[in-house]
Amino acid sequence: MAEVSGQKTKQPETRETQIQPPMASTSFDIPERQEMAQVYCQKPKQPQASERLIQRYFKPTFVSDILSNKPAVDGFTNKSKKSDKKWIEENIKLRNSKDEEPSKPCDAFGTVNFVEHYPKTATFVRVDHQASMEIMMCLIKSTWNIRLPSLLISVIGGREDIQLNPHTEAVGRGLYKAARTIDAWIITEGLHTGVAKYIGEVMHNKENKVDAMNEVTTLGIAPWNCVLEEISLVNKQGSWPAHYFTETNSKKEKYALDPNHSHFILVDDGTKDNFGEIIEFRKKLEHTISQEKIPETGFKVPAVAVMVGGELETLKSVSDSISRNIPVVIVKGTGQAADVMAYAYERVFGKRKEIMDFGSLQKLKTDIRKKITEEFEGWNIKQVNNTGDWVLSSLRRPNLLTVCDINSDEDFGVAILKAVFKTKIKSRNLKLTFKWERLDNALNKLFIEGTSWQINKLDNVMLFALKEGKSDIVELFLEYKINLKELLTETHINTLFDMLNTYLTDTCEEFLNKFLKNIHQEEVKFCFETKLFLWALFLNRKEMASLFWKEGMGALSSALIANNLLKSLKGKCKEYGTSTQLQEQADNYENHAIGILDECLYTDEKQTLDLLLLQQKMWNNSSNMQIAFDLNNEKFMAHDACQSVLTKIWMKQINKTNSIWKNSDMEPKETCCSKPHGIYGIRKCMKFYNTPVIKFWISLIFYVIFLGIYSYVLLVELKPQRSFLEWLLIMWVIGIFTEEIHQILVRDFVLTKRSLSIRSKFKKYIHSAWNINDVITIVLFILGYILRSLDVAETARVIFCLNLISFYIRFLHMFSIDKNLGPKLVMIKEMMRDLGYFAMIMFIFMTAFGIATQSILNPSTPASFDLFKEVFRKAYFLIYAEFFLEEYDGNPNCKENNSTCPTEITTYSAIILMCIYVLLTNILLLNLLIAMFSSTYEKVQKKSHLHWSFQRYDIINEFSIRPPLPPPFIILSNIYQFCRYLYQKTKDQGPGIKYVFSHKYDHGDASKLLEWEHKMVQSYLSRQHKPDSNDKDLINQLKSKVEELQHNVDEKMENIDTSLAWIKENLMKTKP
């Protein structure tokens, strides 16, 4: 790739330098960089990590900033400079003349400050033309701390200044964008003239300039003896910095260094020749860089040459690059060598391809020579013939040539990437696209029809894409039917699950385990896409999560889980912006779930209801409805499809068109109370009484009877001797108790299809507030009868009264089924929370006022329980307008000068305190409580349908599992089920109880349902991306309606005008 410019000289034989590394080629990996640099390059101890980090990101500046051991703007401390100086003196040697061996230490290194272009600075070093490439790589990577590039771009061309115009500037912007995006190095001649000057200006253009940490590394390799004012760079102690002036040389023998380059390697061969051995040096250095392996990808650094204009010798550089398998981008329209090369390429491989026989080949040579003489004047025939041979040699590898017309609209950066892709190293090229912003142009070059990819070459690529969040790459893999399940192993998945979120201390696996445990989904077995979906949600990668959600099966359940998971992440996130994004995503997945359900219900109602009840294997055989209930998703449960399922389960075979007491399977005049006809009739009656709605009404009736008996016993029959009604109550409560045990043990297995520990079952049981009330109720009843047995009658009576209250509260649970009363229970629950907050505020006022008033009216009172009671007595009852005015009038028994009696002034102050307290509590705080209650009422009332729909599931679920017999007869049903359980256990069978909210279908039917769901998902998503045609139709209808109304108004106005004219005419006739 090295450019041949100026007068061509004979190349001397290559000789080894005095310092010979132990290995011919060294590749430095990041973990061992410092150690290997010290071994191979004989460099002293490196600067500390903090110093090296500063060196990496900061550029040099004036020497006045370098004081003692303080870090300067150039990133070097005095300590590191001494270390670098020593290393350079030991390893980089120069020669006095061309025939001598390098022996003298390097006398030009450090940083250079371009005075006329302040604050631009660069790092430079003077080296021998035969310097070891290992030494050069050690210098670049360790001393200069430059990270290896993802792409090496070598720009070759002439030293004639390029005229800037919109087209040339577009090429420069494309080159800059490619270099910055892919983290590339650009190598030029480094002089302030021609192509190097043009590239430098482009790199530091104000439109392109970004922060210093993202500057492009531009390395200039220039001949020492061709550098103008090179003497200003000489300093045996190192220049920190050298002050350099970019003057112009009218003789064009020497050129100034370009101030827009970041690094310079100044090659000295000990001669006064213009360019000497720089060509071979640059070629070897570029080759060495291209053989280095990038630690992140494991591939060698790809290289590409960019040909902009150029002299005749530039064509030889192109031929050399092609021979070393380096692709070349020819910028057509920049003149001279580039146009010659473009002309030859298009003649052979352009739109009008020519068949190359001997005659046409000779004609091509003649045309190429003619084109060369047009572009270059004054060259002899021998030089032209040699140049023609270089062009033909390059055309033998057309796959490595890319022509980019400077006048075209194509992005020049894309042209560079396309040229790199022509090397056919697919895995490396694919990773290179990860850093490229124009994936739409680049990726299709990798995945063309007929391209076959080996799985073992794509697994690391895919893993890298997932870690970097490249959803476009993943989507491309899926579009080309690459099976990710075969591509990624469990080891890869575990690597992903070990990643940390930015605002969580848990890994993905740890967080998901806790989350699934909270929603009762332990030990789930995810499919491949679901694992990646949850992982993407955890890392808040919206596009990637959406991609895996679309690809996976079970979109409804996954969307519901995603909604709850994102809300959990939101609760742990403290950043407002991220928290808002998580909430938006959660709402988005909830809307997706409801939208898909709408699509399904519109298409096929029966399949929709089956889909809601289908067991999802990856979610512990839970159905979509069960998952929605466990996740407290009220909007989903309120959907028409879910409510249809609930109504179907609630009524079962009861015919809604007839009386509720008639069964749809019976004759019109036959009821369940009719005389049964054998076993068939008994089965009909059993089905009838097993219907949840019938069980509910029977339980309600018997519970009312129970409350009546309990109330009567407390009022009349609670005597020392136990009566029959008391024994009946005991049996009744035992029946209720056995049903609670049944809920804990059996219901859990029915819901989850697996056995949990007793602790886990009880924890799930008390998750419901109504179950907590049941536990309290039973405990109070047992405690009451224990106290009654111990002859503590009055205490037992109080306990029984509290127990009766709890039983009455339990009765409120039955109201959940009613559409009007159910939401009122939610209001009461929310208002109790408001009341708790209010009580805390009220307690502060009560305590302050009570202590102050008690201290004023009854000073120096001895400590006792009565004192504590008096502090809160007046403060509390003042809320209910009990003012205790007699206590404020004073105690007539008190004598003057008694320390326990208040004075007249203190009594008045107590009255003033009372007035202020009443004003704050009875007017301010109580109205605040009323406002809180009003706000809560409005919030709940707006969502009353959602609350009722959600509560309806809970009570229908409870009565679908409950035995048909109510307490106290339920004991018989529970004994029967227990005996049946023991029998099935001896047969190694599970409990033969069917759960109405989770159906198990055959494998074929289940697969069909899931495939149908996937089709509905695709249909729903396609509707989302299409413009809403309904809105357009509505607008058109409104428009036509308005036009019609306008037409009618115009007709009526004409009629009115005609009538007025007729009236006026008649009036004129009748006028005398």
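**Group meeting: a walk through a predicted protein chain**

Glu740 is found in helix H30, residues 724-752, where helices (H or I, at least four residues) and strands (E, at least two) are DSSP runs numbered from the N terminus. With a relative accessible area of 4%, Glu740 is buried, and in this talk buried means under 20% relative accessible area, exposed means over 50%, and partly exposed lies in between, with a 1.4 Å probe and protein chains only.

Residues are numbered from 1 along each chain as its sequence is written, and side-chain values use heavy atoms, with hydrogens and water left out.

Now the chain as a whole. The protein chain has 41 helices and twelve strands, and of its 1072 residues, 49% count as buried. The accessible surface comes to about 55,600 Å², of which 56% belongs to carbon and sulfur atoms; such areas come from the Shrake-Rupley method with a 1.4 Å probe, and for residues only the protein chains shown count as cover. Among the contacts with a separation of 6 or more, 73% are accounted for by residues 24 or more positions apart.

How confident is the predictor, as given by the average pLDDT of the protein chain? The average is 76, and 76% of the residues score at least 70, on a scale of the predictor's confidence in each residue that runs from 0 to 100. Over residues 437-442, however, the pLDDT is below 50, and this stretch has 14 contacts in the model beyond near neighbours in sequence. Residues 657-676 also stay under 50, and for them the model has 34 contacts beyond four places in sequence.

Strand E3 pairs with strand E4, residues 121-128, in the antiparallel sense over five bridges, where two strands pair if DSSP finds at least two bridges between them. Within that pairing, Phe109 has Val125 of E4 as its bridge partner, and the two strands form a hairpin with six residues between them. Strand E3 also pairs with strand E8, residues 239-244, but in the parallel sense and over four bridges, with His243 of E8 as the bridge partner of Asn113.

Next comes Glu89, in helix H3, residues 78-91. Glu89 counts as partly exposed at 24% relative accessibility, and it touches Pro105 and Lys236, again not counting residues up to four places away in sequence. The C-alpha atoms of Glu89 and Pro105 are separated by 5.0 Å, although the two residues are 16 apart along the chain.

An unreviewed UniProt entry places the feature "transmembrane region" at residues 693-715, 727-750, 771-790, 835-857 and 908-933; the positions are in the numbering used here, the feature names are shortened, and annotations may be inferred rather than shown by experiment. In the model, residues 693-715 are 100% helix and 0% strand, with end C-alpha atoms 33 Å apart. Residues 771-790 are 95% helix and 0% strand, and there the end C-alpha atoms are 29 Å apart.

Which helix has 18 residues and reaches 26 Å from its first C-alpha to its last? That is H38, residues 944-961, and its reach is close to the 26 Å expected at 1.5 Å a residue, the expected span being 1.5 Å times one less than the number of residues. Because 16 of its 18 residues are buried, H38 is largely enclosed by the rest of the structure.

I will finish with backbone geometry. Most residues other than glycine have a negative phi, and most peptide bonds are trans. Pro967 and Pro968, however, are joined by a cis peptide bond with omega about 5°, and Pro968 lies in the loop between H38 and helix H39, 970-986. Asn325 has a positive phi near 65° and sits in the loop between helix H8 (312-323) and strand E11 (328-332). Ala881, with a positive phi of about 70°, lies in the loop between helix H35 (865-877) and helix H36 (885-888), and is partly exposed with a relative accessible area of 44%.

Notes: This is a predicted model: local features need pLDDT of at least 70, side-chain atom pairs count only at pLDDT 80 or more; totals for chains, interfaces and linings use all residues. Contact means heavy atoms within 4.5 Å.
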